[in-house]
Amino acid sequence: MSPKRVFSGMRPTGKLHLGHLVGALDNWITLQDTHQCVYSIVDWHALMGEYENSRNIRSYVYDMALDWLAVGIDPRRSIIFLQSDVPEHLELQMFLSCLTPLGWLERNPTYKEQLREITTRDLQTYAFLGYPVLQAADILLYQADAVPIGEDQLPHLELTREISRRFNSMYGVELFKDCAAILTPTPRLLGLDNRKMSKSYGNTINLSDSPEEITTKVKGMITDAKRLRLKDPGHPEECNVFSYYKAFAPGQEKAAGEWCAGALKGCTDCKKSLADILIEYLRPVREERLKLEKDRAYIDEVLKQGAVRAREVAVKTMAEVRKAVFS
Ligand code: TRP
Ligand code: SF4
């Protein structure tokens with residue numbers, strides 16, 4: 001039996017950070033051992049939100065490719081490509097748009113939340129309402145069995161299933177199968193200020209940060225608010241610094257919990273050790289990235305080859321789609 005296929009995508013919106021690593025990439029890397037993985041830099045999805053700052057997208061694409069390769073997304077085993085290099089995504093989106101009821105899109109909780117929360121950009125556009133239709137096209141084009149995603153994306157995956165079932169039943173085919181979510185086991189990592197880690201909050205530790213940047217950032221992390229003095233016992237479970245120990249140095253988790261709850265070590269020292277842990281953790285990633293940065297032609301070649309391999313699959317699916325709809 002051929003291995004199951006996995007598809008996932010990420011919007012190029014800037015350098016990747018630790019939240020991306022524990023929230024997605026660690027999972028993507030592991031899946032390469034067991035699945036045929038297709039990973040796409042989804043620049044059309046980025047443009048839907050960033051059409052006013054569109055000139056940044058090209059450099060974000062490049063940053064994303066560098067970050068992916070540096071953490072171990074492996075172009076020999078996985079298909080890594082840029083969404084806009086494979087025009088079939090847009091063609092399938094059109095077919096799916098035709099049969100997607102407006103109500104499904106208007107009801108989408110992620111859409112409603114984003115319209116409410118994002119006030120710095122105008123997202124009241126035709127394309128943005130259709131965001132999940134393009135996402136469905138991404139997934140269905142490769143007939144993916146499973147999609148590694150964060151919990152926030154579950155409504156989009158459910159819509160993908162609804163759209164694919166509607167396609168199958170409308171045209172009397174069994175072309176698309178239901179795809180399953182693969183949720184990341186690790187809880188989401190908070191940013192330096194205890195909010196969700198996000199570039200727009202300026203609270204990230206980036207995969208490409210230098211040791212100095214990491215040290216400064218960790219120093220500024222918010223700690224247990226109830227622990228004011230060194231002799232006050234802390235509450236590690238309520239401290240974001242402690243959750244970083246759990247995620248990046250499970251071997252030291254117990255010790256950290258003890259020095260915190262027992263008031264044996266102060267927060268400044270605790271954060272100093274964490275900074276050292278993160279610096280070592282990210283060292284190989286940063287070194288690999290610095291090496292890859294010098295070879296732009298290699299990155300271009302990886303994306304080019306990725307698009308060729310992606311299209312081999314996409315073209316076959318589209319032939320079947322056209323047949324199902326028109327003949
Ligand atoms: N919407 C996803 C996100 O913001 C990105 C994405 C686009 C995606 N197409 C996809 C994820 C297909 C999984 C599968 O994270
Ligand atoms: Fe947080 Fe460490 Fe301070 Fe405890 S000692 S409150 S875990 S920073």
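This is a predicted model: local features need pLDDT of at least 70, side-chain atom pairs count only at pLDDT 80 or more; totals for chains, interfaces and linings use all residues.
What distance separates the centres of domain 1 and domain 2?

1. Domain layout. The assignment divides the chain into domain 1, made of residues 5-189 together with 296-326, and domain 2, residues 209-290. Taken over C-alpha atoms, the centres of domain 1 and domain 2 are 34 Å apart.

2. The interface between the domains. Contact involves 11 residues of domain 1 and nine residues of domain 2. About 880 Å² is buried between domain 1 and domain 2, and carbon and sulfur atoms give 74% of that area. On the domain 1 side, the residues that lose the most area to domain 2 are Leu 18, Ala 70 and Leu 189, which together make up 54% of what that side buries.

3. Residues around ligand 1. The shell around ligand 1 holds 13 residues, of which Arg 11, Tyr 131, Gln 135, Asp 138 and Gln 153 come nearest. Sorted by class, the shell consists of six nonpolar, five polar and two charged residues.

4. Arg 11 places a polar side-chain atom 3.2 Å from an oxygen atom of ligand 1. Gln 135 has a side-chain N or O atom at 2.9 Å from a nitrogen atom of the ligand. For Gln 153, a polar side-chain atom is found 3.0 Å from a nitrogen atom of ligand 1. The protein covers 92% of the 360 Å² of accessible area that ligand 1 has on its own.

5. Elements that build the site. Two or more residues of the shell around ligand 1 are given by each of β1 (5-10), α8 (131-141) and β4 (146-149). The largest share, four residues, comes from α8.

6. Backbone points to inspect. Two residues deserve a look in the model. Gln 143 is not a glycine, yet its phi is positive, at about 50°; this residue sits in the loop between α8 and β4, and both of those elements give residues to the shell around ligand 1. Ala 263, likewise not a glycine, has a positive phi of about 55°. The place of Ala 263 is the loop that runs between α12 (253-261) and α13 (267-293).

How values were computed. Residues are numbered from 1 along each chain as its sequence is written. Chains are lettered from A and ligands numbered from 1 in the order in which they are written. Side-chain values use heavy atoms; hydrogens and water are left out. A residue is near a molecule or strand if one of its heavy atoms lies within 4 Å of it. A polar contact is a pair of N or O atoms within 3.5 Å; within protein, one must be able to donate a hydrogen and the other to accept it, and residues adjacent in sequence count only if both atoms are side-chain atoms. Accessible areas come from the Shrake-Rupley method with a 1.4 Å probe; for residues, only the protein chains shown count as cover. Ala, Val, Leu, Ile, Met, Phe, Trp, Tyr, Cys and Pro count as nonpolar, Asp, Glu, Lys and Arg as charged, and the others, Gly among them, as polar. Domain bounds come from an automatic or database domain assignment. Contact means heavy atoms within 4.5 Å. Buried area is the accessible area (1.4 Å probe) that two parts lose on being put together, summed over both.
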